[in-house]
Amino acid sequence: MGAAAERAEEENQEWAGVTPDAARRLVGAAVEAFAERGYHATTTRDIAGRAGMSPAALYIHYKTKEELLYRISGIGHEKALRIMGAAAGAGGSATERLRDAVRTFARWHAEHHTTARVIQYELQALGPEHYAEIADLRRRTDRLLRQIIQDGADSGEFRADDVPGTTLAVLSLCVDVARWFTAQGPRTPDEVGTLYADLVLRMVGAPADGAGSRDA
């Protein structure tokens with residue numbers, strides 16, 4: 001399977017929960033258009049054309065362009081919350097959980113960089129009600145990561161005097177992957193995830209061997 005076919009398969013899996021097929025095609029087309037042209041410069045005609053549909057057909061599934069962005073943002077942020085929740089709920093030391101959280105979070109932003117770029121950088125285009133729902137998902141993701149870092153600070157594994165600030169720095173580092181990553185670049189998503197996990201553990205002063213508390 002070639003690179004283009006692999007990317008297409010990944011996109012199909014990403015939106016697998018969107019039904020029917022026409023609605024799923026519109027979501028994929030909207031992501032491409034928003035990433036390429038920006039939300040405000042994209043028209044519903046642009047999206048429908050990319051999906052091989054008429055503008056009138058789009059309104060059967062989505063009343064507005066903003067509703068499409070909301071659907072995309074919801075799926076992406078729910079995935080981010082699941083990634084962080086799985087890492088936070090896993091057994092092991094805070095170091096192990098932080099490594100897993102950063103590796104999977106950064107890797108997702110690389111694997112799905114087009115979608116991630118849209119959901120991270122077009123957020124302000126959402127209407128107030130939809131924005132509030134997505135902002136809540138972001139806060140829940142933040143709290144999960146913050147708890148991991150707090151656990152590490154409490155156990156002595158991490159040097160993190162400012163846990164909220166450290167949490168913000170880690171999230172920002174991972175999210176920014178979507179801005180610069182390209183499938184044609186020198187690193188794979190797995191390599192990015194591993195690199196960022198190592199960098200973050202160094203940033204918080206975690207033990208080099210990945211063991212538990214410094215006092216152990």
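Helices (H or I, at least four residues) and strands (E, at least two) are taken here as DSSP runs, numbered from the N terminus. By this definition the protein chain holds eleven helices and zero strands, and its pattern along the sequence reads α-α-α-α-α-α-α-α-α-α-α. The model is a predicted one, in which local features need pLDDT of at least 70 and side-chain atom pairs count only at pLDDT 80 or more, while totals for chains, interfaces and linings use all residues. Residues are numbered from 1 along each chain as its sequence is written, and side-chain values use heavy atoms, with hydrogens and water left out.

Of the 216 residues in the protein chain, 45% are buried (under 20% relative accessible area, with exposed meaning over 50% and partly exposed in between; 1.4 Å probe, protein chains only).

Setting aside residues up to four places away in sequence, I72 touches W15, V27, A30, V31, F34, T115, V118 and I119.

The UniProt record, an unreviewed entry, places the feature "DNA-binding region" at residues 43-62; UniProt positions are in the numbering used here, feature names are shortened, and annotations may be inferred rather than shown by experiment. Over residues 43-62 the chain is 70% helix and 0% strand, with its end C-alpha atoms 13 Å apart. A57 is found in helix 4 (residues 55-61) and counts as buried because its relative accessibility is 19%. The C-alpha atom of A57 is 9.8 Å from that of L26, although the two are 31 residues apart along the chain.

Two histidines in neighbouring stretches of sequence can be described side by side. H109 belongs to helix 6 (residues 94-111) and is buried, since its relative accessible area is 0%. Beyond its neighbours within four places in sequence, H109 is in contact with A116, Q120, C174, V175, V177 and A178. H113 lies in helix 7 (residues 113-121) and is likewise buried, with a relative accessible area of 13%. With the sequence neighbours within four places again left aside, H113 contacts A178, F181, T182 and A183. S93, in the loop between helix 5 and helix 6, is buried with a relative accessible area of 13%. S93 and G152 are 59 residues apart in sequence, yet 7.8 Å apart in space, C-alpha to C-alpha.

The second largest pocket holds about 300 Å³ of space. Of its 17 lining residues, G74, I75, G76, E78 and R82 are the closest to its centre. Helix 5 gives the most to this lining, with eight residues, and helix 1 (3-14), helix 5 (65-89) and helix 8 (128-155) each supply at least two. On a 1 Å grid over the protein atoms alone, a pocket is an open set of points where a 1.4 Å probe fits, with protein on both sides within 12 Å along at least five of seven lines, and lining residues have an atom within 4 Å of a point. Grid points are joined across faces, edges and corners, and the volume is the space filled by probe spheres set on them.

Methods
Contact = heavy atoms within 4.5 Å.
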